[in-house]
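Please have the sequence and the coordinates at hand while reading.

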Amino acid sequence: MTILYALVARGSVVLAEQSGTSTNASTIARQILEKIPGNNDSNASYSQDRYIFHVKRTDGLTVLCMADDSAGRRIPFAFLEEIHQRFVRTYGRAVLSAQAYGMNDEFSRVLSQQMEYYSSDPNADRINRLKGEMSQVRTVMVENIDKVLERGDRLELLVDKTANMQENTFRFRKQARRFRSTVWWRNVKLTVALIFLLLVIVYVILAFACHGLTLPTCLK
C-alpha cells in the first residue's frame, strides 16, 4: 500500500484517523500537527527515512497522510484533497465544535477505502492527471522532518513491513502465474508450428518419392 496512514484534524485535535499497517506514525503526526507554523492555508511535505508526511491545511482543517516516498506528491495530495472535500461535505460546520475522534467511527472507513483506492487503482492518478488539478503540488518542497521537530523530539518511525511484504508477495505470485501462462501458450504455439512443419516436410518427401516411382512408368 502506497498510503499507509491518514488523519483529519482541527488544529491539533484529531477527528478521525486510519492506519493501513502497524506503525507509530500517529505519534509523529501529532507532533507535526503541534509544530507546523501558522494558521494559513498551506501544503507541506516532510520526509523521514523513506516515508513522507504530506499535510494539507484548508480553512482550519488539516488533512495529513504518510506515504512511501515512491508515491511522489501528486497521488498523496490528490488523496488529501479528496478526503478534505468528503469530510467537509459530510460534516459541514460540525467540524468546528467536534470532540476528539468525534467522526472516527464513521469516517475511518472512508479513510481506509480511499487509502486503498489511491494506493492501488491506476485510475486515481489518471483522473487527476486529466483534470490537471494538482499542478500546484509541484511547488511543494519536501523538507526533512527535522525542520519541524526539534531533534530531541524526533522519534524513529516504525513501520510493520509485513503488510507490504504480503502485498508484494501476492503481486509476485500473480505475475509469476501470468508469466507461466504466457510461456505455456508460447510453447504450445511453437509445438503446433513444429508439427505442422514436420507434416509439410513428410508430405513433400512422400510426394517426391511417389513421383520417382511413377516416372519410369510414364517413360514406357
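This is a predicted model: local features need pLDDT of at least 70, side-chain atom pairs count only at pLDDT 80 or more; totals for chains, interfaces and linings use all residues.

For the protein as a whole, the accessible surface comes to about 13900 Å², and carbon and sulfur atoms hold 56% of it.

Q18, whose place is in strand 2, is also counted as partly exposed, because its relative accessibility is 21%, where buried would require a value under 20%. The contacts of Q18, leaving out residues up to four places away in sequence, are with L4, Y5, A6, S108, L111, S112 and M115. With S108 the separation along the chain is 90 residues, although the two C-alpha atoms are 5.4 Å apart. As for the protein overall, residues 24 or more positions apart supply 63% of the contacts that have a separation of 6 or more.

The protein has 5 helices and 6 strands, which follow one another from the N terminus as β-β-α-β-β-β-α-α-α-β-α, and 35% of its 220 residues count as buried. Nonpolar side chains tend to be buried together in soluble globular proteins. Here the largest nonpolar core has 26 residues, and V8, F79, F87, M103 and F107 are those with the most contacts inside it. Strand 1, strand 2, strand 5, helix 2 (74–91) and helix 3 (104–120) each give two or more residues to this core, and the largest share, 7 residues, comes from helix 2. F107, when its neighbours within four places in sequence are set aside, is in contact with V8, A16, I83, R86, F87 and Y91. Apart from this core lies another one, of 18 residues, and A25, A29, Y51 and F53 are among them.

| Core | Size | Residues named |
|---|---|---|
| Largest nonpolar core | 26 residues | V8, F79, F87, M103 and F107, with the most contacts inside it |
| Another core, apart from it | 18 residues | A25, A29, Y51 and F53, among them |

Helix 1, which covers residues 25–35, has A25, I28, A29, Q31, I32 and L33 as buried residues. What covers these buried residues includes strand 1 (3–10), strand 2 (13–19), strand 3 (42–48), strand 4 (51–58) and strand 5 (61–68).

Definitions and conventions. Residues are numbered from 1 along each chain as its sequence is written. Side-chain values use heavy atoms; hydrogens and water are left out. Helices (H or I, at least four residues) and strands (E, at least two) are DSSP runs, numbered from the N terminus. Buried means under 20% relative accessible area, exposed over 50%, partly exposed in between (1.4 Å probe, protein chains only). Contact means heavy atoms within 4.5 Å. Accessible areas come from the Shrake-Rupley method with a 1.4 Å probe; for residues, only the protein chains shown count as cover. A nonpolar core is a set of buried Ala, Val, Leu, Ile, Met, Phe, Trp, Tyr and Cys residues joined through side-chain atoms within 4.5 Å.
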